[in-house]
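Dear colleague,

Please find below the structure I am handing over to you.

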Amino acid sequence: MDASGAADGARVAAEVLRLLAERDQTLAVAESLTGGLVAAEITAVPGASKSFRGSVTAYATELKHRVLGVDAALLAAEGAVNAQVAAEMAAGVRGVMGASWGIATTGVAGPDPQDGQPVGTVFVAVAGPDVRKTARLRLNGSRAEIRRESARTVLELLSSQLRENARGQDTEQNGGI
């Protein structure tokens, strides 16, 4: 990944933290393939402690169940690289950390396929007030590029949800206009 990709991640992290601070809301992160990159992007922003509660890097599959509460039967049947697993990780970290929003990454960065999924298959998720969103990514590139793009994309997904959530609240406060 080039320097502009890294700069995009930093820009999105700063935007997410600004939007959270405006709403007095908090964030928690659950990571697997990204191994802490999402949390690193967030904590690189000065003032992140105002909104960032913490993170769990649940790299081992059993930790997704034991720490984040992902359904054990789902993990046994589908493996960790799954949209529902990502959704449950996001909801789980939100609950564990007492945060307004939870985000999660799970997938295959390589070099080998995992759980029957090819390298570059990634699921990201957002869980928040009345919101649960997941996205499937098919990424190309090196292990580092897949991990970096996964981190940037989950932050973009959260940013989009925060902006959408704000528009909905504005409409309600203005009588539905």
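The notes below take the overall fold and then one residue.

Please bear in mind that this is a predicted model. The protein chain contains 6 helices and 5 strands, arranged along the sequence in the pattern α-β-α-β-α-α-α-β-β-β-α. Its radius of gyration is 16 Å, close to the 16 Å that the globule rule gives for 177 residues, so the chain is as compact as a globular protein of that length. Along the principal axes, the C-alpha atoms fill a box of roughly 50 × 40 × 30 Å.

Of the 177 residues, 49% count as buried. Among contacts with a separation of 6 or more, 65% are between residues 24 or more positions apart. The accessible surface of the protein chain is about 8,100 Å², and carbon and sulfur atoms contribute 48% of it. As for charge, the chain carries 18 positive and 20 negative side chains, with the centres of the two sets 2 Å apart.

The residue I would draw to your attention is Ser 32, which is located in the loop between strand E1 (27-31) and helix H2 (37-43). Ser 32 has a relative accessible area of 6%; because the cut-off for a buried residue is under 20%, Ser 32 counts as buried. Its side chain makes a polar contact of 3.0 Å with the side chain of Lys 64. Apart from neighbours within four places in sequence, Ser 32 is in contact with Lys 64, Ala 58, Tyr 59, Met 89, Thr 105 and Thr 106.

With kind regards

How values were computed
Residues are numbered from 1 along each chain as its sequence is written. This is a predicted model: local features need pLDDT of at least 70, side-chain atom pairs count only at pLDDT 80 or more; totals for chains, interfaces and linings use all residues. Side-chain values use heavy atoms; hydrogens and water are left out. Helices (H or I, at least four residues) and strands (E, at least two) are DSSP runs, numbered from the N terminus. The radius of gyration is taken over C-alpha atoms; the globule rule is 2.2 Å times the number of residues to the power 0.38. Buried means under 20% relative accessible area, exposed over 50%, partly exposed in between (1.4 Å probe, protein chains only). Contact means heavy atoms within 4.5 Å. Accessible areas come from the Shrake-Rupley method with a 1.4 Å probe; for residues, only the protein chains shown count as cover. Lys and Arg count as positive and Asp and Glu as negative; His and the chain ends are not counted. The place of a charge is taken as NZ of Lys, CZ of Arg, CG of Asp or CD of Glu. A polar contact is a pair of N or O atoms within 3.5 Å; within protein, one must be able to donate a hydrogen and the other to accept it, and residues adjacent in sequence count only if both atoms are side-chain atoms.
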